[in-house]
Amino acid sequence: QRTYCNNYLITDSAAAGTALATGTKTDKGHIATTREGEPLYSILKIAHQAGKRTGVAVTCRLNDATPATFCCHNTDRDQSEAIAADYVGCGVDYIAGGGMKYWRGRTDNRDLLAEMSAEGYTACTDMASLAAADKLPVVAVLADLELPDALERGNMFRDMAAKALELLSKDNDKGFVLMLEGSCIDD
């Protein structure tokens, strides 16, 4: 797959992620939208419509460009609070990563974890509560920004991925689509 963007020689992770998630090229900085700003639906949305379970687990902020392109829509990757708010109502079954700063203590005073709990999600804020989760849907926001560096986080990402596989495959004969990203490779 080619992930270059429409309007720059060198792409960014928003346009590249959009190409990966939706199969459509867009402009630099766009999160799963056309260059005109119309929403593009990702493979997770298509899988969900086909009755499959869906998930995202990353080591970066959930509102960072790559995970956001699978779940959210925005014409500006820097609209961090708006992108995080798009997870509410997105329908993805398993969501895990960082970015609590954009889920609680927001400038608009919304508590996105409370909103997702009202939608039926089990909301987790640490690995112990994620490990205890026994049914979908689940949202786990496990760090203020990105998860700790690989040497510091130990098996955290492995355990997030294993929990995703466990829950997405449990009593499921239709299959699932899971996007895993060991993010922040350029830090």
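Buried means under 20% relative accessible area, exposed means over 50%, and partly exposed lies in between (1.4 Å probe, protein chains only). The model is predicted: local features need pLDDT of at least 70, side-chain atom pairs count only at pLDDT 80 or more, and totals for chains, interfaces and linings use all residues. Residues are numbered from 1 along each chain as its sequence is written, and side-chain values use heavy atoms, with hydrogens and water left out.

Side chains of opposite charge can pair when their charged atoms come close. A salt bridge here is a side-chain nitrogen of Lys or Arg within 4 Å of a carboxyl oxygen of Asp or Glu. The whole structure holds ten. The table lists some, including R61 with E146.

| Pair | N to O distance |
|---|---|
| R61 and E146 | 2.8 Å |
| D108 and R106 | 2.9 Å |
| R158 and D159 | 3.1 Å |

R61 and E146 link distant parts of the chain, 85 residues apart. R61 sits in strand β1 (residues 53-61). E146 lies in the loop between β4 (138-141) and α7 (150-153). Helices (H or I, at least four residues) and strands (E, at least two) are DSSP runs, numbered from the N terminus. R61 has 17% relative accessibility, so it counts as buried. E146 is partly exposed at 27%.

In the second pair, R106 is buried, with a relative accessible area of 4%. D108 is partly exposed at 37%.

R158 is exposed at 53% relative accessibility. Elsewhere, salt bridges with shared partners join D12, R61, D64, R77 and E146 into one network.
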